[in-house]
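Please keep the sequence and the structure in view while reading.

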Number of protein chains: 2
Amino acid sequence: MEAFRRTCVEKGLAVTHQRQAIYRALISMPEHPAPESVYEVVRSEIPTISLGTVYKNIKTFLNAGLLRAVTLHHESLRLDANVEHHYHLVCTRCKSITDLPADDLEPIQFRRTPPRGFRVQNYSLEVHGLCAACAAS
Amino acid sequence: MEAFRRTCVEKGLAVTHQRQAIYRALISMPEHPAPESVYEVVRSEIPTISLGTVYKNIKTFLNAGLLRAVTLHHESLRLDANVEHHYHLVCTRCKSITDLPADDLEPIQFRRTPPRGFRVQNYSLEVHGLCAACAAS
DNA sequence: CTATTATAGGATAATTATTATCGACTGTCC
DNA sequence: GGACAGTCGATAATAATTATCCTATAATAG
Ligand SMILES: [Mn+2]
Ligand SMILES: [Mn+2]
Ligand SMILES: [Zn+2]
Ligand SMILES: [Zn+2]
């Protein structure tokens, strides 16, 4: 929480009551919540906060690196007619997605059995970075 | 394309002009397009097709396993206040996301250099399957 | 500690992506 | 070729997210 305030100051962000409550809610939620759920939790502390404020600050925190999104491409459904097992290269800048054959990597190997009785079906792996075009600029 | 028709028959889906055009568009688009882009392409062949039909059939194809979505959780932004490098267990049924420490797996290793001048920044790995609760039912 | 000011918050409207509805049409089966 | 279930197209509805705009507050200078 102290680190949070420090980062805000570094990035020129005002350390408001709302921002602290939102960040506190986020670190208390290990379930990878959607903005709506964060809003519910924050509202129990600040009943007058608006959903827009929660969205705005989540975006601010994402830019500041205080927070991560679980997926880079939630904004729209992205489709793949190739149903064979393969991976993806995803450009963090232009969001382009290209195929990466599974055997370009060593096979994924568990070191210990997956926790809490999780029954594994398959893996999806994305290599994030800059595509050739974006790397040029 | 023949396999497509066969799968439709197996799943009791009518092999319509529109479905074939949509599927043909999809396999011709290796860029992992959004529904809107698929619509644009299909429209050049069937100018009167509606966007709703494209959406409906994409959903149908996903259910039939003719098509995959690049991510399991595009429907809403999912947030992670843990910015350390780690992976995720994702339940394909209830969409719950839980953390998986990076050292529960052998490190990811490239066998050959990533294609087309892609500059790797990092990677994200999701293990898909059924959580304990969903596996029980 | 107070005044000043830039930034942030709250209410609300707007936009975007997606899904539902419903009457008309067409692929399938005989 | 006709009957019928399933599908299509048009449109409305919903859900998620973003923009707008005016007021309030955190930062900071005196
Ligand atoms: Mn692919
Ligand atoms: Mn996580
Ligand atoms: Zn790029
Ligand atoms: Zn589950």
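Chain A and chain B bury about 6500 Å² between them, 57% of it on carbon and sulfur atoms, where buried area is the accessible area (1.4 Å probe) that two parts lose on being put together, summed over both. This is a predicted model, in which local features need pLDDT of at least 70 and side-chain atom pairs count only at pLDDT 80 or more, while totals for chains, interfaces and linings use all residues. Residues are numbered from 1 along each chain as its sequence is written, chains are lettered from A and ligands numbered from 1 in the order in which they are written, and side-chain values use heavy atoms, with hydrogens and water left out.

**Interface**

- The contact (heavy atoms within 4.5 Å) takes in 67 residues from chain A and 67 residues from chain B.
- Six salt bridges are counted between chain A and chain B, each a side-chain nitrogen of Lys or Arg within 4 Å of a carboxyl oxygen of Asp or Glu.
- One salt bridge joins Arg111(B) to Glu106(A), with the closest N and O atoms 3.4 Å apart.
- By class, the side of chain A that touches chain B has 36 nonpolar, 17 polar and 14 charged residues, with Gly counted among the polar ones.

**Metal site**

- The manganese ion (ligand 2) is coordinated at 2.0 to 2.2 Å by His32(A) (NE2) and, from chain B, by Asp80(B) (OD), His86(B) (NE2), His88(B) (NE2) and Asp99(B) (OD); donors are N, O and S atoms within 2.8 Å of the metal (3.2 Å for Na, K and Ca), and sites may look incomplete because water is not among the atoms.
- His86(B) counts as buried because its relative accessibility is 12%, and His88(B) counts as buried at 8%, where buried means under 20% relative accessible area, exposed over 50% and partly exposed in between (1.4 Å probe, protein chains only).
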